[in-house]
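Thanks for coming. Please have the sequence and the model open while I talk.

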Amino acid sequence: MTLDELRISLIDCQKCRLASGRTQVVFGVGNPNADIMFVGEGPGYYEDKQGEPFVGAAGKLLTELLESVGLSRQEIYIANVVKCRPPNNRDPQPDEIETCQPFLLQQIKLINPQLVCSLGNFATQTLLGQKVGITKVRGRTFQRPDFTLFPLLHPAAALHQGNLRTPLKEDFQKLKHVLDKMKNTPAHSNASDAAKPTTSDSQVEADTPPQQMDLF
Ligand code: SF4
């Protein structure tokens, strides 16, 4: 299956209750061969209307942060954990995430990026496979079987809580170091060399006991 075939297969997806309130499925956007992918939580009001992730205020901030590390939206790929807007921008529920997650994993497999940046708690917990709080793991690299994971605060969280802007900017500067290492390493030759994981999964478990999901 190609990425476009996956997108088309989801146009009328009815697998979870989020189908009933959406304007459209927000599949993802960007370079289908991207080395770097960003994964957010789910579509908001504007994303649902326009059919594209990160087009509202949080999207504007994300674009600025990307530019601050020399990335353009055209060269990366952006998707969400759930592809339909939760009503009133509520958090996606565990069963909705579980139902939609295989599509994200398939999307990542087809794009085959070296680095996946998870934005906020939901994307991080989904891709790390653990209920750890984003504040415990942000700005660090984690080696997953097929890619390196780099969790970041969600830009929407930084818009709502001004004190999170500085740590978010700092983490993007850390991301820049990871990207610089990637540039000096042939694509997919050895992702662990390109972005050396600073922490193994077992260390995360030891350092950060499972937590309940909280905002971002
Ligand atoms: S959120 Fe995902 S699983 Fe649920 S209806 Fe939309 S595409 Fe299907």
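Start with helices H1 and H4, where H1 passes H4 in a left-handed crossing. Keep in mind that this is a predicted model. H1 covers residues 3–10, and H4 covers residues 94–111. Two packed helices are described by the angle between their axes and the distance between the axes. Here the axes come within 9 Å and cross at roughly 160 degrees. Angles over 145 degrees count as roughly antiparallel, and H1 and H4 are therefore roughly antiparallel to each other.

Which residues of H1 and H4 make the contact? From H1 they are Leu-3, Leu-6 and Leu-10. H4 supplies Phe-103, Gln-106, Gln-107, Leu-110 and Ile-111. Sorted by class, the residues of this contact are six nonpolar and two polar, with no charged ones.

H4 also turns up at the ligand. The shell around the ligand has 14 residues, and H4 provides the largest share of that shell, four residues. The closest residues to the ligand are Cys-13, Cys-16, Ala-19, Cys-84 and Cys-100. By class, the shell holds ten nonpolar residues, three charged and one polar.

Is Asn-112 exposed, partly exposed or buried? The count of C-beta neighbours inside 10 Å is 15, so Asn-112 counts as partly exposed. Look also at Pro-32, which is 80 residues from Asn-112 along the chain. The C-alpha atoms of Asn-112 and Pro-32 are separated by 8.9 Å.

Next is helix H5, residues 120–128. How many of the nine residues of H5 are buried? Eight of them are, and the helix is mostly covered. The buried residues are Gly-120, Asn-121, Phe-122, Ala-123, Thr-124, Gln-125, Thr-126 and Leu-127. Among the elements that cover them are H4, S4 and strand S2, residues 36–40. The cover also includes helix H6 (134–137), strand S6 (148–152) and helix H7 (155–160). After H5 comes Gly-129, which has a positive phi, near 75 degrees.

Two other residues have a positive phi without being glycine. One is Phe-54, with a phi of about 55 degrees. The other is Asn-88, also with a phi of about 55 degrees. Where is each of them? Phe-54 lies in the loop between helix H2, residues 45–50, and helix H3, residues 57–68. Asn-88 sits in the loop between strand S3, residues 77–80, and H4.

Now compare their surroundings. Phe-54 has 27 other C-beta atoms within 10 Å, so this residue is buried. Asn-88 has 7 C-beta neighbours inside 10 Å, so that one counts as exposed. The cut-offs behind those words are 20 or more for buried and 12 or fewer for exposed.

Last, the whole protein. There are ten helices and six strands. Of the 216 residues, 41% count as buried. Take the contacts with a separation of 6 or more: 74% of those in the protein are between residues 24 or more positions apart. That is the end of my part.

Conventions. Residues numbered from 1 in each chain as written. Predicted model: local features only at pLDDT ≥ 70, side-chain atom pairs only at ≥ 80, totals over all residues. Near = placed C-beta within 6 Å. Nonpolar A, V, L, I, M, F, W, Y, C, P; charged D, E, K, R; others polar. Axes fitted to C-alpha atoms, helices over the stretch in contact; angles between N-to-C directions. Parallel < 35°, antiparallel > 145°, perpendicular 65-115°, else oblique. Left-handed = near helix turned anticlockwise from the far one by under 90°. Contact = placed C-beta atoms within 7 Å.
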